Amino acid sequence: AIVDSSNLIDSLNAAQREAVTAPCGRTLVLAGAGSGKTRVLTHRAAWLLQAEEASAYSILAVTFTNKAAAEMRGRIAGLVGIAAGGMWIGTFHGLAHRLLRLHWREAGLPQHFQILDAEDQRRLIRRTLRNLEIDESRWPPRQIQGFINARKDEGRRPEALEPHDAYSEQMRQLYRAYEEACRAGGGLVDFAELLLRCYELLRHQPALLEHYRRRFRHILVDEFQDTNRIQYEWLRLLAGSESDVFIVGDDDQSIYGWRGAQVENMQRLQRDEPSTRVLRLEQNYRSTRTILAAANALIARNSRRLGKHLWTEGAAGEPIAVYAAFSEQDEARFVVERIRSLIESEGYARSDCAILYRSNAQSRAFEETLFGREIPYRVYGGLRFFERAEIKDALAYLRLLVNRNDDASFERVINTPPRGIGVKTLDALRSQARQRQTSLWQAAGELLRAGALSGRAARATTAFIELIDRLSGPLAEPALAARIEVVLAQCGLHEHYAKDRSERGLDRLENLDELISAARTFEQAREPTDDEADSLTAFLAHAALEAGEVQAGEQDDGVQLMTLHSAKGLEFPVVFLVGLEEGLFPHRMALDEPGRLEEERRLCYVGITRARQRLLLSFAERRRLHGQDHYGTASRFLLELPTELVQEVRARFSVTRPQTKVHAVEPMVTADTAAFSLGQRVRHATFGEGIVLSCEGSGPNTRVQVNFAHSGSKWLVAAYANLKPC
Ligand code: ATP
Ligand code: MG
């Protein structure tokens, strides 16, 4: 190579350099957390561009999230000093979607095919069951959804199944009926379908396959341990025997087995492609020696590992802090206080701190406490922006504009906002559609023409149909954002939510506005040459596919909250790994199954290895989850950490252990910093003497229940009540 590439590899160690500059062919980098896999992958792409003079068009990189894809694009551009424009970088789903958009005809899809997210998919299954008059309680839609997606992930259509009993025969029938419903709905494509369809597209179109094989000379894959069967086959198909394939992964971080990922793909690859060169990276650059030692000790308890040895030159760092909280509020209070002191006295930024938890529901206590202390934060995952009800309503209108036969959208908005179309009318539409094998839209037209609807229902239905026709007519605004604004105003959604003066109503209005700005941002960022779809169709696909990871309207420089699953691949200077209780983490469902327990342990390994400098662990003795109190014991994962690495943290306040199990006493301070305990005698200026029955909350929010001798039981805010011990 003529270009000086030394700067590219200068910042790498010998093993990393060997990987980055490996000759073209099949390379698998198998290495533990924080050893530079993602860095190596990025440098490899830059190296190909610079030293091997590869064209950006010849590179296809698969990452696990869209966020990671954007980061990788930026990094590569930074390394080689040019825009990484022609490269295809994205998730499996994103890339498959892109191919299907380009080749919708060959894939047997209508041009404006729509993507179904998980909720849309479930609704469609529910409707299919209703049409077949099958009892939902005996055939739960969620179960059918799981079945269908699992078969698709294995690459199997209904025809390829071999039912061995009545149950599996029925499942197969439902799978087939669901496929038919997708087709009849104007080409609806769920997430699993994206992958399978794209695989079949390449498989059945040799010319197309040949074209892409010749184009993508270089294929790079991050987080390979979490690929499922169809993704694996898709990769192999696309790679053929000629392409240069560079794969990185860590079997110890395989955490999506429950969703069909197959860590065996790592061994399968070596079997299927015996020429695969396997390289290992052993030096960790991310974490302190203490954190790394804890991670190594934990994961060593798993069996069936490919085996790795990770070390670091880094400093020992701080011991790992463990806090035993009374309750989830106490846990949140501890975490937030710590964050505050790390920011105030140690100079950390808010965004340096991450709170990681096993399940989304756990974020609430932290959010409330952060909110109460006015510390900005940002939650990833959870109910994503595009999954909120008002946004889905708005999107349903937009989808109907593109495709009148989208029954799910039709049902969603025909009476939202209310326009006097009742259940009876809807039932009439449904049965007409069923009899005539048409969409609800067509059925509505037929019933109206036949005069089969009553006066009021007929007027309302006509108005709805005219509204949709008008909105998609030639008068509509050409610019996407402006067009959406018009739709929201005219369909009545905006007005509908404006009537609701509560916080919730306001929230919804703001979200609708946010949708308009999301459309504007999308339109500006879009590469117009990309594919043939119009901007509305492209935006709808974006809404279903991509935008879930980032939430609109939240602080950039805030404390970061996310589940352990979504923390994969990321790193933070300070990590709080919370909720370490048996039954919560490891999850209750995993306790009796060794395989799943090991997956939980890998998840814990992922969590620990996100931390660079500080790691703080916590668990709560009492936790309210899904409306029930749970009394937890410390997670086995805590006990599996070497004691010399761990230090227990005491609460700052004097602690009174609960007398009874039901009412745990929060440590607390009042105006004169005295702590209360259950059963304590106190005096109030107005109410006189009484006995403390229970406490709730912490800090300035603490409320105390006191049973006063003369005025009975009362809840008081401790900060104002000025209670004196007596
Ligand atoms: P994970 O398994 O969690 O995805 P990874 O193996 O992909 O981790 P990276 O994220 O690539 O690891 O790297 C971890 C950290 O170490 C990053 O901050 C990266 O910049 C840094 N790093 C990696 N290699 C080196 C190196 N040779 N010199 C300095 N820093 C490095
Ligand atoms: Mg990585």
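Two residues are in contact here if their C-beta atoms, placed from the backbone, lie within 7 Å. What you're looking at is a predicted model, in which local features need pLDDT of at least 70, side-chain atom pairs count only at pLDDT 80 or more, and totals for chains, interfaces and linings use all residues. Residues are numbered from 1 along each chain as its sequence is written, with chains lettered from A and ligands numbered from 1 in the order in which they are written.

**The annotated binding site**

Let's start with the record. UniProt, in an unreviewed entry, lists Ala31, Gly32, Ala33, Gly34, Ser35, Gly36, Lys37 and Thr38 under "binding site". UniProt positions are in the numbering used here, feature names are shortened, and annotations may be inferred rather than shown by experiment.

Ala31 is in strand 1, residues 26-31, while Lys37 is in helix 3, residues 37-50. (Helices, H or I with at least four residues, and strands, E with at least two, are DSSP runs numbered from the N terminus.) Leaving out residues up to four places away in sequence, Ala31 touches Lys37, Asp250, Arg280, Leu281 and Lys308. With that same exclusion of residues up to four places away, the list for Lys37 is Val29, Ala31, Val248, Asp250 and Leu281.

Is Ala31 buried or exposed? Ala31 counts as buried because it has 25 C-beta neighbours inside 10 Å. Lys37 counts as buried too, with 25 C-beta neighbours inside 10 Å. The rule: a residue is buried if 20 or more other C-beta atoms lie within 10 Å of its own, exposed if 12 or fewer, and partly exposed in between, with C-beta atoms placed from the backbone.

**Helix 3 against helix 4**

Helix 3 packs on helix 4 (residues 66-80) at an angle of about 45 degrees, with the axes 9 Å apart. Axes are lines fitted to C-alpha atoms, for helices over the stretch in contact, and angles run from 0 to 180 degrees between N-to-C directions. The two helices are therefore oblique to each other; angles under 35 degrees count as roughly parallel, over 145 as roughly antiparallel, 65 to 115 as roughly perpendicular and the rest as oblique.

Who makes the contact? Helix 3 brings Thr42, His43, Ala45, Ala46, Leu49 and Gln50, and helix 4 brings Met72, Arg75, Ile76, Leu79 and Val80. Sorted by type, the contact residues are seven nonpolar, three polar and one charged. (Ala, Val, Leu, Ile, Met, Phe, Trp, Tyr, Cys and Pro count as nonpolar, Asp, Glu, Lys and Arg as charged, and the others, Gly among them, as polar.)

**Phe64**

Phe64 lies in the loop between strand 2 (59-62) and helix 4. Phe64 counts as buried because 20 C-beta neighbours sit inside 10 Å. Not counting residues up to four places away in sequence, Phe64 touches Thr91, Asp222, Glu223, Asp226, Lys568 and Gly569.

Now for the loops. The peptide bond from Thr416 to Pro417 is cis, with omega near -5 degrees, and Pro417 lies between helix 17 (407-413) and helix 18 (423-436). The bond from Phe585 to Pro586 is also cis, with omega near 5 degrees; Pro586 falls in the loop between strand 13 (572-577) and helix 25 (594-608).

Two residues other than glycine have a positive phi:

| Residue | Phi | Other C-beta atoms within 10 Å |
|---|---|---|
| Arg304 | Arg304: about 50 degrees | Arg304: 10 atoms, exposed |
| Glu374 | Glu374: near 55 degrees | Glu374: 6 atoms, exposed |

Arg304 is in the loop between helix 13 (289-299) and strand 9 (320-327), and Glu374 is in the loop between helix 15 (363-372) and strand 11 (377-379).
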